[in-house]
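Please examine the sequence and the structure below before reading on.

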Amino acid sequence: MLRSIFSIFLLCLITLSSFAVSNKKKVVFIAGKCSHGPGEHEGYAACMLLADALNKSMPGKFETVVYRASWPVDESAFDNVSAIVMYVDGGPSHMVLPHLEQVNTLMKKGVGFVCLHYAVEIPMGPGANYFLDWLGGYFETNWSVNPMWTAEYNTIPKHAVTRGVKPFSIKDEWYYHMRFRQNMQGITPLLMAIPPASTLDRKDGPHENNAFVRAEAGKPQITAWASKRPDGGRGFGFTGSHYHENWANDNFRKLVLNGIAWVAQVKIPANGLVSPTPTTTELKLNLDDKPCPKAK
């Protein structure tokens, strides 16, 4: 009799444990290859930092996996995934391009999608069309620009992703004048600032300047946004984080953590996802070896 009761008790524990594991939100981070100078475009270090911060801010809520410098080859990598976060170099070499149909299948299941910094740039064509659906917008060459400037975020709108985020100012390579869905359907701007006139000093180029941007001079520009898809899936685009040190800014980091959790369909606490401010030593963890090795 006692043995039967113990067996039932043990079975209940195993069942509860299995439920707890399956109830976690799986977040897959994909970091790009080494690029740019020291402390710049540190995709792997940023993904590791964010994964750690997610786990510290909501213990037991997430299962995080970080893939470095290549697309996951394991077929089970995206099993039960709730959100995909990409910090990779964009443009024609964007890591997602050979895997558009695979990702689209996941998006149709309601998986969340996050792109950080250069990952928001995708060439016009099938990839760009998918990004409008998955993310709500993207960096389009000869339309969007990528200047370095100090953005003053004096007003933070109300949204689940902005919970606990206070006004802040920070220098970064803030892309702006994104290509968004028609009529901004399903899109909520989260960070908006007026770029200084100096951001338009550069000559015309695919990333540098163009007549469309000059026509918007002096107007607020969106540098981070949340989007909803008709199928219930969510996207979060964030154009900053060129400088790795910016992750030490608590408001900057919190907005991104909130965004990741939000696309994973997690209820954001009233004060947002609170994580310890990374120290200088912690910011140096997992950095790419630079200068980057030349491609063979």
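Predicted model: local features only at pLDDT ≥ 70, side-chain atom pairs only at ≥ 80, totals over all residues.

Which side-chain oxygen reaches to the backbone nitrogen of N251 at the start of α6? It is a side-chain oxygen of N249, which comes within 3.1 Å of that nitrogen.

**Helix α6**
- Helix α6 covers residues 250–263, 14 residues in total, and spans 20 Å from its first C-alpha to its last, close to the expected 20 Å.
- Because 13 of its 14 residues are buried, α6 is largely enclosed by the rest of the structure.
- After α6 comes Q265, whose phi is positive, near 70 degrees.

**Aromatic pairs**
- The whole structure contains 16 aromatic pairs.
- One of them joins F131 and W134, with 5.9 Å between the centres and 45 degrees between the planes, and is tilted.
- F131 and W134 are three residues apart in helix α4 (residues 126–134), so about one helical turn separates them.
- F131 is buried, at 0% relative accessibility, and W134 is buried with a relative accessible area of 0%.
- The ring centres of W174 and F238 lie 5.5 Å apart with planes at 75 degrees, so this pair is edge-to-face.
- W174 belongs to the loop between β7 and β8, and F238 to strand β11, so the pair ties together parts 64 residues apart in sequence.
- W174 counts as buried at 0% relative accessibility, and F238 likewise counts as buried at 0%.

**Cluster and charge**
- One aromatic cluster is formed by Y153, F168, W174, F236, F238, W247 and F252.
- R179 lies over the face of W143, 3.9 Å from the ring centre.

Terms used: Residues numbered from 1 in each chain as written. Heavy atoms only, no water. Helix = DSSP H or I, 4+ residues; strand = E, 2+ residues; numbered from the N terminus. Expected span 1.5 Å × (residues − 1). Buried < 20%, exposed > 50% of the residue type's maximum accessible area, 1.4 Å probe, protein only. Polar contact = N/O pair within 3.5 Å; in protein donor to acceptor, adjacent residues only side chain to side chain. Phe/Tyr/Trp six-rings, centres within 6.5 Å; stacked < 30°, edge-to-face > 60°. Lys NZ or Arg CZ within 6 Å of the ring centre and 35° of its normal.
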